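Me: I'm new to this one and would like to learn how to read it. Could you walk me through it step by step?

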Amino acid sequence: SVVLLDTFVRILSLNLSEQAYGAGIAKLKYKLVAGEHGLVFKVQGFNHKLPLLFLLIVDHLSDFSFTPSVFEMIKEELKKIYFNMLIKSEVLAKDLCHVILEHGQWPMICKYQRLMKGISAESLLSFVKAFKSQLFVEGLAQGDVAC
């Protein structure tokens with residue numbers, strides 16, 4: 001599930017990149033992260049335009065789709081990212097500390113091994129369907145926020 005969530009977040013980010021380009025020009029920022037408890041996305045910028053960016057992300061999340069070539073590209077990218085993290089001793093040490101100290105963390109080596117065994121587009125689609133069926137939103141607003 002952790003590898004599928006990483007794959008999902010990367011494809012979602014790729015799907016958003018073209019339409020969210022204008023938001024970046026307007027000094028709005030967003031970040032999608034495969035967090036410990038699920039998908040975390042952060043939006044930042046002028047508060048009168050943030051709801052539009054939030055809706056754009058939610059729309060892409062609800063209408064999630066991908067092509068087989070994008071899936072294969074992201075899978076190869078993740079293999080490189082995981083491998084590069086494994087060969088850097090300081091990153092590997094930090095990862096092992098997180099595994100020991102935090103409940104629910106998976107070691108990078110397990111993620112890499114699972115990805116090398118192979119994941120399928122069908123498994124990603126079924127994961128996303130199950131993920132969206134349990135989706136809920138928690139929010140935190142900081143700064144000058146108009147309600």
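Me: Which pattern does the chain follow, read along the sequence?

Reply: First, a word on what you're looking at. This is a predicted model, in which local features need pLDDT of at least 70 and side-chain atom pairs count only at pLDDT 80 or more, while totals for chains, interfaces and linings use all residues. Residues are numbered from 1 along each chain as its sequence is written, and side-chain values use heavy atoms, with hydrogens and water left out. Now the general idea: helices (H or I, at least four residues) and strands (E, at least two) are DSSP runs, numbered from the N terminus. Here the pattern reads α-α-β-β-α-α-α-α-α, with 7 helices and 2 strands in the chain.

Me: What does the chain span along its principal axes?

Reply: The C-alpha trace spans about 45 × 35 × 30 Å. For surface, the accessible area comes from the Shrake-Rupley method with a 1.4 Å probe, and for residues only the protein chains shown count as cover. The chain's accessible surface is about 10100 Å², and 60% of that belongs to carbon and sulfur atoms.

Me: And how many of the residues count as buried?

Reply: Let's set the cut-offs: buried means under 20% relative accessible area, exposed over 50%, and partly exposed in between (1.4 Å probe, protein chains only). By that reading, 29% of the chain's 147 residues are buried.

Me: How do I read a helix, say H4? How many residues does H4 have?

Reply: A helix can be checked against its expected span, which is 1.5 Å times one less than its number of residues. H4 covers residues 68-87, so 20 residues. From first C-alpha to last, H4 reaches 29 Å, close to the 28 Å expected at 1.5 Å a residue.

Me: Which residues of H4 are buried?

Reply: Here's the general idea: an α-helix has 3.6 residues a turn, so residues three or four places apart point the same way. In H4 the buried ones are Val-70, Phe-71, Ile-74, Lys-75, Leu-78, Lys-79, Tyr-82 and Leu-86. Ile-81 is also in H4, but Ile-81 is partly exposed at 25% relative accessible area. Ile-81 and Tyr-112 are 31 residues apart in sequence, yet their C-alpha atoms are 9.2 Å apart in space.

Me: What do the buried residues of H4 pack against?

Reply: For packing, think contacts, meaning heavy atoms within 4.5 Å. The partners are helices H1 (2-17), H5 (89-101), H6 (108-117) and H7 (121-133). Zoom in on Phe-71, with a relative accessible area of 2%: not counting residues up to four places away in sequence, Phe-71 touches Thr-7, Ile-11, Phe-66, Ile-119, Ser-120, Ala-121 and Leu-124.

Me: Thr-7 is on that list. Is Thr-7 buried or exposed?

Reply: Thr-7 is buried, at 0% relative accessible area. This residue sits in helix H1. Leaving aside neighbours within four places in sequence, the contacts of Thr-7 are Phe-71, Ile-74, Leu-78, Ile-119 and Leu-124.

Me: What about contacts across the chain as a whole?

Reply: Take the contacts with a separation of 6 or more: residues 24 or more positions apart account for 66% of them. Gly-38 in strand S2 (residues 38-44) gives you a case to look at. Gly-38 is buried at 11% and, beyond four places in sequence, touches Leu-5, Val-33 and Phe-131.

Me: Where is Leu-56?

Reply: Look in helix H3 (residues 50-62). Leu-56 counts as buried at 19% relative accessibility, and, with neighbours within four places set aside, is in contact with Leu-16, Gln-19 and Ala-20.

Me: How do I read a backbone angle such as phi of Lys-27?

Reply: Most residues other than glycine have a negative phi. Phi of Lys-27 is near 65 degrees, a positive value in a residue other than glycine. Lys-27 lies in the loop between helix H2 (21-25) and strand S1 (29-35), and counts as exposed at 60% relative accessibility.

Me: Last one: what feature does UniProt place at residues 2-112?

Reply: UniProt positions are given in the numbering used here, feature names are shortened, and annotations may be inferred rather than shown by experiment. The unreviewed entry lists "domain: Peptidase M16 middle/third" there.
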